[in-house]
2 protein chains.
Amino acid sequence: VNPAATAAVLIIGNEILSGKTQDANLKFLGESFARLGIVLAEARVIRDEPEVIAAVVNELRARYTYVFTTGGIGPTHDDLTAESIARAFGVELVVDEEARRRIATSGRELNAARLKMATVPKGATLIDNSVSLAPGFRIGNVFVLAGIPSIARAMFAAAEAELEGGRPILSESIDVYQREGDFAAALEAIAKRYPEVDIGSYPFSREGRLGASLVVRGTDPARVAAAMAEIRATLAPTG
Amino acid sequence: VNPAATAAVLIIGNEILSGKTQDANLKFLGESFARLGIVLAEARVIRDEPEVIAAVVNELRARYTYVFTTGGIGPTHDDLTAESIARAFGVELVVDEEARRRIATSGRELNAARLKMATVPKGATLIDNSVSLAPGFRIGNVFVLAGIPSIARAMFAAAEAELEGGRPILSESIDVYQREGDFAAALEAIAKRYPEVDIGSYPFSREGRLGASLVVRGTDPARVAAAMAEIRATLAPTG
């Protein structure tokens with residue numbers, strides 16, 4: 001196990017930044033890393049530009065244990081992730097024969113566009129895709145997933161066995177219908193007594209009622225439970 | 001007008017990275033920047049850690065025309081954005097008297113937690129909040145918004161008049177029920193004839209049918225329309 005394992009998510013795609021598309025992968029990836037005991041340290045959303053992608057991949061792969069990218073591995077002209085990652089690693093692009101074989105099983109014409117989906121940076125290994133045919137790939141500590149959420153999930157499941165995390169990061173939460181300004185001091189006092197867990201307060205407004213979700217996260221089940229018990233006793237004694 | 005205006009969005013909050021909460025601000029901000037003719041170049045999601053927030057704010061404000069942050073300006077111990085931005089700018093935190101006056105109008109006790117919401121980096125100006133009382137603030141080219149989506153939207157509306165963008169970035173799209181691998185070459189040929197617009201293809205699966213959204217974006221209405229007309233004629237002649 002690797003208790004200090006960290007990760008970054010890199011979401012590649014103009015459609016997310018233009019507001020055309022709502023990202024639907026980060027939440028799933030965040031939950032998955034927590035389950036695996038890997039701290040997701042940051043996420044970035046960048047445009048489909050090879051120089052930018054390559055520079056950011058190099059920055060992130062040097063800084064974190066794992067980097068997961070989503071998007072940009074399809075057959076169209078705006079799918080630039082594979083060539084950008086080859087550039088980042090300073091390797092050439094090659095056709096992976098196993099990927100070509102899988103894509104060919106569709107029976108559809110293996111034209112230049114489809115062959116592009118079998119083209120990966122030299123040295124990459126494939127990440128299986130149980131939903132459609134074209135695989136993702138891994139090179140070094142960089143895992144390259146599709147952007148379509150169902151396929152990104154299938155690829156993450158296929159890659160998961162290659163990750164070495166620590167103890168799962170547990171999370172407990174309770175919703176209270178009180179104002180943060182009224183309980184902030186009491187919550188801070190509890191947070192100071194439990195420095196080994198993260199305590200967060202996330203305000204909401206539901207059907208006109210103000211409240212907050214109080215979240216305790218940590219790897220020690222006993223400390224997470226104890227902190228939550230104190231929060232409950234202090235802020236939601238009737239709950 | 002500033003046709004070269006760029007922006008970055010900085011989403012501050014452990015709850016987004018842990019998968020606890022789905023971000024609901026980036027899509028809105030992306031749409032807003034497009035309308036204002038400002039290129040949203042990147043977005044980042046980072047943890048509630050002052051050193052990290054300060055370093056990233058300094059990196060982004062040097063690189064882009066505008067930086068918009070969301071999250072971390074409430075009254076609880078995990079709301080660290082104001083102090084982090086003061087650190088980034090090398091200024092002290094001060095109580096803003098107008099912000100204090102607004103927060104006091106609630107009639108609720110103006111305790112230390114609520115006073116924290118009136119505390120901003122020295123030199124900041126307030127961003128009005130028409131939903132609740134506590135304002136956001138602007139310092140230099142950094143605009144600091146709340147994380148709650150309804151409040152983030154209200155603050156953006158209040159700050160919008162201070163932004164100098166260019167011609168609106170227009171977007172047209174059409175959904176086709178064809179496979180990307182079959183139309184990629186034709187689409188690329190069109191994209192090459194319209195270098196001044198961005199043409200993107202975003203695959204989807206709906207009720208078992210594969211297809212793609214084809215999106216044309218650009219500032220010249222005639223060129224956007226012409227590119228879309230070619231796409232339509234080539235890929236969706238019956239549409």
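In chain A, 68% of the contacts (heavy atoms within 4.5 Å) with a separation of 6 or more join residues 24 or more positions apart. This is a predicted model, in which local features need pLDDT of at least 70, side-chain atom pairs count only at pLDDT 80 or more, and totals for chains, interfaces and linings use all residues. Residues are numbered from 1 along each chain as its sequence is written, chains are lettered from A in the order in which they are written, and side-chain values use heavy atoms, with hydrogens and water left out.

**Chain A as a whole**

- Chain A holds 9 helices and 11 strands, where helices (H or I, at least four residues) and strands (E, at least two) are DSSP runs numbered from the N terminus.
- Taken along the principal axes, the C-alpha atoms of chain A fill a box of roughly 65 × 40 × 30 Å.
- Of the 239 residues in chain A, 55% are buried, a term for under 20% relative accessible area, with exposed meaning over 50% and partly exposed in between (1.4 Å probe, protein chains only).

**Helix α3 of chain A**

- Helix α3 (residues 50-63) of chain A has 14 residues and reaches 20 Å from its first C-alpha to its last, close to the 20 Å expected at 1.5 Å a residue; the expected span is 1.5 Å times one less than the number of residues.
- The buried residues of α3(A) are A:Pro50, A:Ile53, A:Ala54, A:Val56, A:Val57 and A:Leu60.
- An α-helix has 3.6 residues a turn, so residues three or four places apart point the same way.
- Those buried residues of α3(A) pack against β1 (6-12), β2 (39-46), β3 (66-70), α4 (81-89) and β8 (142-145) of chain A.

**The two copies**

**A positive phi in a loop**

- A:Glu207 lies in the loop between β10 (198-206) and β11 (209-218) of chain A, and its phi is near 50 degrees, a positive value in a residue other than glycine.
- Most residues other than glycine have a negative phi.
- A:Glu207 counts as exposed because its relative accessibility is 84%.
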